[in-house]
Amino acid sequence: LDAQDSSHLIPLVSDNWMLHFKWRGKPEEGSLPDAERTRLQELIGKAHARGQRLRLWGTPDVPAMWKELRDAGADFINTDKLPELRGFLTDGR
């Protein structure tokens, strides 16, 4: 996201969730901490302001994460649980 190259040259930024966030989506951790939620929104906002899309890989593969990504305006939700994600998105949760 900090590259000075044009969004025409780099339209998609793909980065590792674990390099930026401590939350792993485990039930005992509770929900995404407010500071990390703000950081997520800032990363997405920065990418969008530059005309880029952002993909974070290695995200916790749980509905709580999908909700955070959706609510933050993420362009992609990375998952290995496609039927579950489809249900999540179509049920309007």
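A residue counts as buried when its relative accessible area is under 20%. Keep that cut-off in mind on this tour of a predicted model.

**Stop 1: T59.** Select T59. You are in the loop between β2 (53–57) and α2. The relative accessible area of T59 is 10%, so T59 is buried. Which residues does T59 touch, leaving out those up to four places away in sequence? Show W17, M65, L69 and N78.

**Stop 2: strand β2.** Step back to β2 and colour its two faces. In general, side chains in a regular strand alternate between the two faces of the sheet. On the covered face of β2, find L54 and L56. On the uncovered face, find R53, R55 and W57.

Stop 3: Zoom in on V13: opposite V13 stands L54 in β2.

**Stop 4: two helices.** Select α1 (residues 34–49) and α2 (residues 63–72). Packed helices are described by the angle and the distance between their axes. Here the axes come within 9 Å and cross at roughly 45 degrees. The two helices are therefore oblique to each other. The crossing of α1 past α2 is right-handed.

**Stop 5: where the helices meet.** Show side chains R37, L40, Q41 and I44 in α1. Then show M65, E68, L69 and A72 in α2, which they meet. The residues of this contact divide into 5 nonpolar, 1 polar and 2 charged.

Conventions. Residues are numbered from 1 along each chain as its sequence is written. This is a predicted model: local features need pLDDT of at least 70, side-chain atom pairs count only at pLDDT 80 or more; totals for chains, interfaces and linings use all residues. Side-chain values use heavy atoms; hydrogens and water are left out. Axes are lines fitted to C-alpha atoms, for helices over the stretch in contact, and angles run from 0 to 180 degrees between N-to-C directions. Helices (H or I, at least four residues) and strands (E, at least two) are DSSP runs, numbered from the N terminus. Angles under 35 degrees count as roughly parallel, over 145 as roughly antiparallel, 65 to 115 as roughly perpendicular and the rest as oblique. A crossing is left-handed if the near helix is turned anticlockwise from the far one by less than a right angle, and right-handed if clockwise. Contact means heavy atoms within 4.5 Å. Ala, Val, Leu, Ile, Met, Phe, Trp, Tyr, Cys and Pro count as nonpolar, Asp, Glu, Lys and Arg as charged, and the others, Gly among them, as polar. Buried means under 20% relative accessible area, exposed over 50%, partly exposed in between (1.4 Å probe, protein chains only). Two strands pair if DSSP finds at least two bridges between them.
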